[in-house]
Amino acid sequence: MTNMTSPSGPIRPPRPGRFIQALAGLMVLFLPVLATQPPPGPAHGAYGRVRAERNRDVTADHTRFKVLQGPFKDGDGSAVTRACLTCHVKAADQVMATRHWNWRPAATDRKGYGKSTHLVNNFCISTLGGNQEACSRCHAGYGMTDRTFDFTKAENVDCLVCHDTTGDYEKVKGGYPNPAVPLAEIAQKVGRTSNQTCGVCHFFGGGADATKHGDLDDTLLKAPRSLDVHLSRDGAAMSCTDCHGARSHEVAGPDYGAPADRREQPRFAGEAVSRMACTACHTATPHASFVLNRHYRKVACQTCHIPAYARGGLASNLSWTWSTAGRLKGGRPYEDKDANGLVTYNTIHGDMVWAKNVKPEYVFYDGSMDFTLLTDPLPATRPVVLNPLHGSYADPDARIWPFKRHDGDQPFDPVQNRLVAPWTAGPKGSGAYWGDYDWDTAIRLGMEKAGLPYSGKFGFVKTSMWWPITHMVAPKEQALACGECHSRQGRLARVKGFYLPGRDRAPGLDFLGWGLVLLTFCATLVHGASRVLASRSRRNP
Amino acid sequence: MSRIILYTRFNRFWHWTQALLILLLAVTGFEVRGTFRIFGYLRAVNLHHGLSLALMTLVLFAAFWHLTTGEWRQYLPTRVFLKEMAAFYLTGIFRGAPHPVRKERTAKLNPLQRLAYLGFKVLIIPVQFTTGALYFFYPNLNAHAWPAGFLWGVSTLHVLGAFGLLAFLVGHVYLTTTGHTPLANLKAMLVGYEEDA
């Protein structure tokens with residue numbers, strides 16, 4: 001045996017100390033990637049401070065204006081508007097150019113989509129079938145009771161619905177103020193719009209809180225940081241208009257399709273722009289990790305940062321089956337609820353599905369979508385997707401976006417192959433569906449009111465609709481972990497057309513690969529065992 | 001008793017570091033592939049990237065060493081004693097026959113080793129680096145206009161290479177036991193020299 005400790009031999013013994021040092025040195029090269037991410041910082045709340053300072057800047061005290069002392073006749077919103085316009089002389093002209101008034105984006109934006117057009121949605125279907133009076137509870141105006149509403153009458157603009165600061169303002173049918181509302185008191189306390197004023201309409205789309213969007217409901221007003229890191233008082237304490245910037249009363253909105261990659265940066269100080277794209281504030285490279293930043297090429301921020309929608313405790317509607325509406329119990333409409341108190345059937349709506357804390361569906365989306373109009377022939381595919389999304393993996397502008405998919409069915413005219421606009425909201429004996437539960441009459445009257453032809457035959461067609469999820473952004477510590485998507489049965493299991501590491505595998509590759517490794521292993525086992533046996537038999541012949 | 005240094009200090013450092021890096025690359029790579037979960041996906045991905053950088057650095061140094069010391073000649077394939085080596089592994093080893101090739105400082109690899117290691121160096125390692133680099137830079141290549149199966153192909157080749165490495169590793173580790181004692185080769189790779197039988 002060699003004397004391992006001999007320093008005088010011709011060969012220097014190994015020096016494991018140095019060897020290990022060198023190894024450790026090499027390990028240091030990639031040690032930084034082992035370091036954990038820093039813990040989340042405290043809520044910055046800068047926006048809350050900014051808003052408080054903004055309010056100190058206000059120089060007008062509306063309680064001291066004679067024209068606002070009233071009294072105003074109960075429910076006479078137009079009288080208040082006339083008073084507002086004595087000072088804000090151009091305000092009504094501005095409002096009357098906006099989507100909130102016209103219920104239609106500017107003509108250049110989209111192909112005439114909007115609530116006041118032939119556009120159909122998967123909830124209440126259409127305003128045009130005589131439903132303006134009910135739907136206009138959320139119109140920024142007074143007196144939209146039918147299709148003859150005068151969109152040019154300044155005194156019909158509703159200033160208070162957006163500028164109320166008391167939370168006591170309420171609109172009823174036709175968009176009129178509830179007669180019980182103390183108009184003078186509210187008029188004297190007007191101020192900036194708030195999450196509450198936006199929310200009185202936008203949280204209640206589809207007829208009730210949380211129904212339509214899934215990522216917008218009343219719980220946002222008192223959101224903990226975990227529900228919405230932007231709007232929460234414990235988060236950035238932002239307001240809706242911090243992102244949906246307004247200019248001349250036109251509030252920035254998606255215009256029936258939000259470009260998935262809209263990057264809105266002010267080009268000079270003080271320029272008011274909308275900042276609906278996350279990148280407008282966060283840039284397109286907000287992560288410390290190069291690999292995470294690169295996801296933005298194909299993945300919208302929302303996909304990882306909104307792990308679920310309807311997280312505030314209120315359920316959102318996922319399915320609405322009009323075809324089963326109209327069942328009566330003892331001649332009366334009724335409602336069924338499940339064990340969680342969620343409505344499963346309602347005579348006026350049909351079968352419904354509601355859910356809280358829902359994982360979105362994911363689709364490659366380039367920010368544009370088509371909508372279905374009452375005048376469009378229906379495609380042959382079922383369900384009829386009312387707003388087909390544009391985008392694919394190959395589309396450089398498209399990203400994987402989270403969506404709420406809303407299913408259901410709707411009445412349609414099988415002869416004309418078009419959807420119909422039934423008159424739904426009306427009293428018993430009027431012929432409206434919620435009065436008499438007679439589809440044929442409700443459709444005939446609705447189509448008459450909409451000024452559209454109806455063959456006299458109706459059926460039901462399965463429909464679905466995509467609702468982009470973009471609110472309820474969670475704090476970063478709640479963002480999706482990689483494995484939510486990079487796994488065999490992850491969230492993107494159904495998003496096809498591209499290779500996703502961790503999800504996709506060449507068929508048979510594992511069989512081949514592990515087979516090769518196993519075969520090699522078996523070969524060594526056999527060879528080694530044979531050597532052992534052979535050497536034994538040599539020793540003991 | 002005679003000792004010849006077969007494996008110089010750098011040679012051993014390079015060998016063992018490379019072995020460690022490849023092992024860790026295999027573990028993190030198969031985690032990314034979804035075979036098991038050890039580090040967590042994000043950490044596995046980051047480690048895999050970091051390890052590959054470390055391995056590339058090491059391979060660059062090793063290439064320099066091979067070129068400047070002439071060690072690259074050790075890998076030149078030869079047919080001399082090739083049959084005898086094959087015969088040794090197939091039959092001779094069971095009869096206790098002596099190893100047909102004597103290791104020397106300038107010829108430390110037997111003809112089969114030359115073939116295997118040359119294949120490892122010119123086939124598996126470059127394929128892994130190339131496919132790995134394509135895989136990593138794919139999002140920066142504006143490659144969405146490329147055939148939809150491109151990344152699939154890249155990753156399949158990369159995984160095939162990984163399985164090849166694993167199989168190599170199994171065979172390699174086993175063959176270290178075929179020295180004059182089962183641990184002789186391993187010891188030589190650790191201390192640098194072999195003792196005569």
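A nonpolar core, as I use the term here, is a set of buried Ala, Val, Leu, Ile, Met, Phe, Trp, Tyr and Cys residues joined through side-chain atoms within 4.5 Å. I kept in mind throughout that this is a predicted model.

**Entry: the cores**

I looked up the largest nonpolar core and found 44 residues in it. A:Leu389, A:Phe403, A:Leu419 and A:Met447 have the most contacts inside this core. Next I listed the elements that give it two or more residues: strands E6 (350-355), E7 (361-365), E9 (399-413) and E11 (459-468), plus helix H15 (439-450), of chain A. H15(A) supplies the largest share, five residues.

I then picked A:Leu419 and checked its neighbours, leaving out residues up to four places away in sequence. Among them are A:Val120, A:Leu374, A:Phe412, A:Met447 and A:Val461.

**Entry: where chain A meets chain B**

I found 55 residues from chain A and 60 residues from chain B in the contact. The buried area came out at about 5300 Å², with 68% of it from carbon and sulfur atoms.

How many salt bridges cross this interface? I found one: A:Asp510 pairs with B:Arg33, and their closest N and O atoms are 2.2 Å apart. Polar contacts across the interface come to 15 residue pairs.

On the side of chain A that touches chain B, helices H1 (16-30), H12 (290-294) and H16 (509-539) each give two or more residues. H16(A) gives the largest share, 16 residues. By type, I sorted that side into 33 nonpolar, 13 polar and nine charged residues.

Notes:
Residues are numbered from 1 along each chain as its sequence is written. Chains are lettered from A and ligands numbered from 1 in the order in which they are written. This is a predicted model: local features need pLDDT of at least 70, side-chain atom pairs count only at pLDDT 80 or more; totals for chains, interfaces and linings use all residues. Side-chain values use heavy atoms; hydrogens and water are left out. Contact means heavy atoms within 4.5 Å. Buried area is the accessible area (1.4 Å probe) that two parts lose on being put together, summed over both. A salt bridge is a side-chain nitrogen of Lys or Arg within 4 Å of a carboxyl oxygen of Asp or Glu. A polar contact is a pair of N or O atoms within 3.5 Å; within protein, one must be able to donate a hydrogen and the other to accept it, and residues adjacent in sequence count only if both atoms are side-chain atoms. Helices (H or I, at least four residues) and strands (E, at least two) are DSSP runs, numbered from the N terminus. Ala, Val, Leu, Ile, Met, Phe, Trp, Tyr, Cys and Pro count as nonpolar, Asp, Glu, Lys and Arg as charged, and the others, Gly among them, as polar. Buried means under 20% relative accessible area, exposed over 50%, partly exposed in between (1.4 Å probe, protein chains only).
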